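Dear colleague,

Please find below the structure that I am handing over to you. My notes on it follow directly after.

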Amino acid sequence: MSTTETSGTAGTGETRAGTAQAETETGTEAASAQAGNEAGAAQADTGAASAETGSSLSTAPREELTGGPVLGVIGWARWFWRQLTSMRVALILLLMLALAAVPGSLIPQNSVDDLKVRAWQEKNESWTPLFEKLQLFDVYSSVWFSAIYILLFVSLIGCIVPRTWQFVGQLRSRPPAAPGRLGRMPAYTTWRTEAAPEEVREAALALLKRRRFRAHTVGNAVSAEKGYLREVGNLIFHVALIVMLVAFAVGQLFKSEGGKLIVEGDGFSNTLTHYDDFRSGSLYDTDDLVPFTFMLDEFTGTYETNGPQRGTPRTFEAAVTWSQPGGKDQKSVIEVNKPLVVDGTKVYLLAHGYAPVVTVRDGKGKVVFNGAVPLLPIDANITSQGSIKVMDGYRDKNGKKTQLGFKAFFVPTFAGHGNGNMFSTFPAPDFPVLALTGYTGSLGVDSGLPQNVYQLDTTEMKQFKDEKGDPLAERLLQGETMKLPDGAGSITFEKEIKEWASFQISQSPGNGWALAGAVAAVAGLVGSLFIQRRRVWVRAVRGDDGVTVVEMAGLGRSESPKLPEELADLALTLHERTPTAPEPPAISGPPAAPEPPAASGPPNDSDDRSDPVEVSAEGAEK
């Protein structure tokens with residue numbers, strides 16, 4: 001029984017021990033699990049922190065971006081104004097304006113020559129609609145050219161006004177005081193003199209003022225500055241550009257310009273009805289036309305007869321007689337680029353050509369037309385073409401009123417024909433030939449539609465036929481006559497050939513201002529490029545030995561190779577007034593005892609009171 005109890009007791013003890021061991025193991029496992037969980041959490045926190053740090057240091061774009069500051073309407077307006085008034089934008093607009101003017105010089109303009117515009121449109125019918133939409137036939141009055149023009153105007157004004165006030169402030173202020181260390185300046189010199197510091201400064205001040213420096217004394221130094229004309233030239237250049245733009249605008253708004261073709265012996269009166277074509281600005285009043293008249297007495301044209309320049313014009317002169325109401329007749333000669341000027345109105349000579357004299361008779365021999373017919377040149381040798389129109393007074397063989405028309409082709413020096421057409425070899429009328437083709441019917445002048453006087457509308461006309469039924473066309477020499485079939489009459493090429501001249505009568509009030517602005521712009525640009533703004537300082541202080549130390553330095557606002565030369569010239573001139581002091585004589589005697597060596601030990605930072613920047617500057621000087 002005792003054995004059993006003992007065994008049971010032992011078994012119970014073992015059971016309790018096992019239970020305790022299990023509890024211990026369970027606690028250990030729990031502690032380990034808890035520690036592992038805490039370590040994992042810590043590791044997770046560390047990873048999160050590392051990820052956050054990495055994301056903050058990363059240069060890759062984030063998926064979520066925070067919104068920046070909003071400028072608003074006023075902010076955007078200020079930004080746009082600063083960009084518009086910057087020098088960079090002004091130069092870009094100026095370049096754009098120059099490029100925008102290129103089509104105006106390559107493509108015929110309505111404001112210059114309507115006939116050339118129509119001829120260009122007839123030859124390039126496929127391009128005409130596009131060019132009209134882009135306003136390429138009226139470049140200088142187009143919307144896009146005007147936009148560039150106005151933006152450039154505003155940009156220049158916004159650029160000039162603040163710079164002008166800034167420059168005025170610079171003129172009212174004095175040159176700045178001398179810097180602490182003149183040896184750092186790009187141009188520098190120094191010497192010692194026996195003159196007193198006050199004497200040196202007075203001499204330097206007088207010298208600099210005599211050399212047109214703005215100078216004054218500040219402390220122990222004289223400060224001077226020169227070259228303000230550089231900024232003046234820059235401002236003049238920009239103001240001149242504005243003057244040119246204003247002059248151009250005034251000229252376009254208040255201008256008047258018209259053309260007139262006059263045959264020798266005919267005249268012109270400066271009234272609106274006498275112009276062949278007339279254009280004016282939107283603010284021009286036709287009542288402002290200057291009243292005067294002139295008559296073309298004779299046109300003289302000479303040409304080179306030999307050499308590689310054969311046929312080149314040498315003389316183009318139009319002898320005219322002009323007068324104003326109540327005035328006497330005056331004789332003048334109008335040449336190319338030498339206009340006739342009457343109270344601000346200029347009469348320019350533009351072109352010339354020939355006007356053969358023809359006589360048209362009806363079937364009964366009655367003269368129904370006699371006069372000079374201007375023909376338009378089509379090449380350098382003045383090969384010309386045009387039309388002859390007999391509108392009134394003609395009757396056919398039955399006595400019925402009708403009209404006649406002739407297509408005319410004229411060569412001043414006939415040299416045969418090529419590709420079915422005649423051609424000329426020289427612009428002078430050495431061997432003139434007139435080719436004619438006749439028509440009868442209605443000229444269409446009564447339809448109310450505008451018609452070119454140099455072209456023949458054959459829509460309602462019938463061409464004359466010869467005996468063979470072919471179109472009637474003949475070449476006539478001077479004095480010859482072409483007979484019209486069926487007793488319709490005749491046309492005679494008379495022996496007289498007159499010349500005509502084309503004049504441009506213009507009134508441009510802004511031309512003088514534009515010329516003045518161009519000259520001022522060139523002058524201002526030259527000044528801003530070649531004038532250098534620079535400053536000069538002269539310091540004079542008494543040294544420890546009683547000798548005055550003179551320092552001179554110069555600084556340019558921009559790099560200038562002449563600054564050292566100018567400073568050297570000033571220094572030599574000032575040196576004549578304050579010469580270098582002689583060196584003191586050497587004193588003989590026993591050699592001085594050597595100084596004891598410095599005590600060894602760690603360096604004392606408190607003893608080193610030198611400025612590291614100044615020390616490096618001294619090293620640079622040496």
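Which residues line the largest cavity? The lining consists of Met-87, Ala-90, Leu-91, Leu-94, Leu-152, Leu-156, Phe-237, His-238 and Leu-241.

The model is predicted, and local features need pLDDT of at least 70, side-chain atom pairs count only at pLDDT 80 or more, while totals for chains, interfaces and linings use all residues. Residues are numbered from 1 along each chain as its sequence is written, and side-chain values use heavy atoms, with hydrogens and water left out.

The chain as a whole

The secondary structure of the protein chain comprises twelve helices and 24 strands; helices (H or I, at least four residues) and strands (E, at least two) are DSSP runs, numbered from the N terminus. Of its 622 residues, 34% count as buried, where buried means under 20% relative accessible area, exposed over 50% and partly exposed in between (1.4 Å probe, protein chains only). Among the contacts in the protein chain with a separation of 6 or more, 64% are between residues 24 or more positions apart; contact means heavy atoms within 4.5 Å.

Rolling a probe the size of a water molecule over the atoms shows where empty space is left. On a 1 Å grid over the protein atoms alone, a cavity is a set of points where a 1.4 Å probe fits but cannot get out, and a pocket is an open set with protein on both sides within 12 Å along at least five of seven lines; lining residues have an atom within 4 Å of a point. Grid points are joined across faces, edges and corners, and a volume is the space filled by probe spheres set on the points.

The structure holds two cavities of 30 Å³ or more. The largest cavity contains about 50 Å³ of space. Helices α3, α7 and α9 each supply at least two residues of its lining, and α3 gives the most, with four residues.

The second largest pocket holds about 760 Å³ of space. It is lined by 34 residues, of which Tyr-140, Phe-145, Phe-248, Gln-252 and Lys-255 are the closest to its centre. At least two lining residues come from each of α3 (87-100), α7 (143-172), α9 (229-254), β6 (277-280) and α10. The largest share, seven residues, is from α9.

Five strands form an open sheet in the order β1-β24-β23-β3-β2, with antiparallel pairing; two strands pair if DSSP finds at least two bridges between them. Its edge strands, each pairing on one side only, are β1 (187-193) and β2 (214-218). From one strand to the next, the twist averages 15°; axes are lines fitted to C-alpha atoms, for helices over the stretch in contact, and angles run from 0 to 180 degrees between N-to-C directions.

Within this sheet, β3 (residues 221-226) and β23 (residues 534-542) run antiparallel and are joined by six bridges. Ala-224 stands opposite Val-536 in β23. Helix α8 (residues 197-210) packs on the sheet and touches β1, β2, β3, β23 and β24 (548-556); its direction makes about 165° with that of β23. Helix α11 (residues 563-577) also packs on the sheet, touching β1, β3, β23 and β24, and its direction makes about 155° with that of β24.

Arg-533

Is Arg-533 buried or exposed? Arg-533 counts as buried because its relative accessibility is 8%. This residue is found in the loop between α10 (511-530) and β23. Its side chain makes a polar contact with the side chain of Glu-225 (2.7 Å); a polar contact is a pair of N or O atoms within 3.5 Å, and within protein, one must be able to donate a hydrogen and the other to accept it, while residues adjacent in sequence count only if both atoms are side-chain atoms. Leaving aside neighbours within four places in sequence, the contacts of Arg-533 include Gln-170, Tyr-228 and Arg-557.

Other strand pairings

Eight of the nine residues of β15 (residues 403-411) are buried. Seven bridges pair β15 with β14 (residues 384-390) in the antiparallel sense, and Ser-387 stands opposite Lys-407 in β15. Strand β15 also pairs with β18 (residues 433-441), antiparallel over nine bridges.

With kind regards
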